[in-house]
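Subject: Structure handover

Hello,

Here is the structure for your files. My notes follow below it.

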Amino acid sequence: MGKRINFLTSFTVLITALSLLPGIPLLSPAHGQNPIPTEFRFFGSGYGHGVGMSQIGARGQALEGRTANEILNYYYPGTAVTPFPDNHLIRVNIANLVNSVSLKPVEPTGQIVLYRGDIPLSENPEPFGVYSGDTTALFTNFAGTVVPVLSSPTAKYAAINPEVAWTVRWETSTTTIALTNGTTTSRYKYGQIVFKSVRNLLSSYLAVTNTLRLHDEYLWGIGEVPSSWPAAALEAQAIAARTYALGKLNRIRPECDCNIYNTTVDQNFVGFAKETEPIWGIKWKEAVTRTFVDAENALTVTLNGRPISAFYFSSSGGQTQNVRDVWGSPIDYLQGVPDPWSLDPQINRRFALWSRFVPQQTMAQAFGLPNVIFFSVNSRTATGSISSITGFSSTGASTTLTGEIFRSRVKLPSTWIHNSRPIIRAPFIATDCAETPAPVVPLCRI
């Protein structure tokens with residue numbers, strides 16, 4: 001522990017010294033004028049909202065020999081890691097607010113089975129059709145319906161009438177599905193995929209969901225941390241992810257036709273790609289499997305026999321947050337604990353200390369102002385992160401935001417901001433050198 005204290009002291013000195021270093025040179029404004037910065041430079045530590053388990057902290061503790069249970073009990077004090085039923089189906093949004101996506105089997109020997117409507121996975125009606133592995137199915141949203149178009153180099157297909165929803169299934173032992181959304185293609189192995197048109201007040205859009213078992217199939221596809229991490233850190237992540245997902249089963253969200261998103265809005269689900277990562281993918285799958293108790297129960301973070309709200313994030317500024325400081329509601333097991341591993345650059349190379357540039361336009365949009373000439377940090381949490389910040393415009397207007405809203409709008413890694421610099425860059429004007437009087441140095445045409 002002595003070495004860690006010395007390291008943190010040195011790191012604090014580094015941050016303090018950094019705040020005293022001269023930034024990028026600023027242009028001196030004329031007397032009485034308020035300069036409008038071109039951009040702002042921020043220096044900080046950590047990544048994420050800071051509530052619950054620190055993933056980098058879990059890695060650091062695992063490297064020191066702690067078990068998954070010890071890691072989870074540390075970040076969620078007062079809770080227990082106990083068996084809990086998790087053999088439920090979970091509906092995961094894998095594409096949302098899109099116009100069209102396409103699907104085809106990865107293996108040419110595979111098959112896809114198409115059904116009209118949104119079919120529960122427990123039901124087996126007569127399919128609309130069964131198609132060979134060289135078939136591509138394009139699903140397009142049109143005026144509140146979904147239009148499937150089938151194509152194949154070896155067959156011709158008739159036009160298909162639209163429906164509000166379509167369901168696709170496949171034989172998981174022989175077929176993997178490739179889903180292409182824009183320029184991104186993802187692979188899915190388990191469950192079924194539903195394509196549904198979702199209406200809002202202005203229009204409609206396509207929502208695509210993958211329904212599969214939470215117990216194993218869903219967790220095998222969680223891509224939150226590198227599979228090369230120590231086993232205890234992977235097991236802690238699997239248990240936290242399971243616990244978080246159990247809390248999302250109580251309703252289908254109409255805006256995504258899902259229980260849970262596949263992004264960091266909830267947790268990162270990457271499908272079959274996770275367990276098939278070269279070399280390391282099997283390590284993640286094995287870690288998840290080690291958290292099973294039996295076919296219908298698995299280790300879960302609980303309080304009084306019920307799953308907790310298992311929030312987690314990447315790394316902190318040295319201490320996790322009290323949830324009240326971030327989202328306003330107190331929770332006993334989310335009070336904040338020391339997290340020195342996040343400040344160790346050997347463990348947290350990217351975010352122990354970071355620097356980001358935020359353009360003037362982004363700052364102005366974040367505060368809802370015509371421009372931002374400066375800002376004021378009104379208050380910080382006990383951990384040193386920004387809890388309230390006010391931006392000021394050249395017009396005299398001002399807007400106050402919470403630290404979490406501010407960092408999400410300007411896309412900073414965290415609210416642990418140590419220092420900042422306004423920057424005013426002189427515009428380069430392309431001109432002929434001969435036409436420019438000394439001592440101005442122009443950007444000359446060649």
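Two strands pair if DSSP finds at least two bridges between them. Helices (H or I, at least four residues) and strands (E, at least two) are DSSP runs, numbered from the N terminus.

This is a predicted model: local features need pLDDT of at least 70, side-chain atom pairs count only at pLDDT 80 or more, and totals for chains, interfaces and linings use all residues. Residues are numbered from 1 along each chain as its sequence is written, and side-chain values use heavy atoms, with hydrogens and water left out.

The sheet

Strand β4 (residues 89-98) pairs with strand β14 (residues 204-213). The sense is antiparallel, over seven bridges. V98 has L206 of β14 as its bridge partner. Both strands belong to an open sheet of seven, ordered β7-β6-β10-β13-β14-β4-β15, with mixed pairing. β7 (129-132) and β15 (260-261) are the edge strands; each has a single partner strand, so one side of each lacks a neighbour in the sheet.

Helix packing

Helix α3 (residues 68-75) packs on helix α5 (residues 231-246) at about 55 degrees, with the axes 8 Å apart. Axes are lines fitted to C-alpha atoms, for helices over the stretch in contact; angles run from 0 to 180 degrees between N-to-C directions. That makes α3 oblique to α5. Here, under 35 degrees is roughly parallel, over 145 roughly antiparallel, 65 to 115 roughly perpendicular, and the rest oblique. From α3, the contact (heavy atoms within 4.5 Å) uses A68, I71 and L72. From α5, it uses A232, A233, E235, A236, I239 and A240.

The enclosed helix

Helix α2 (residues 55-63) is largely enclosed by the rest of the structure, because seven of its nine residues are buried. Buried means under 20% relative accessible area, exposed over 50%, partly exposed in between (1.4 Å probe, protein chains only). The buried ones are Q55, I56, G57, A58, G60, Q61 and A62. Their cover includes β2 (53-54), α3, α5 and β18 (312-313). Just after α2, G65 takes a positive phi of about 100 degrees.

A loop residue

N87 sits in the loop between β3 (80-85) and β4. Its relative accessibility is 33%, so N87 counts as partly exposed. Leaving out residues up to four places away in sequence, N87 touches R213, H215, A295 and E296. The C-alpha atoms of N87 and D294 are 9.9 Å apart, although 207 residues separate the two along the chain.

Best regards
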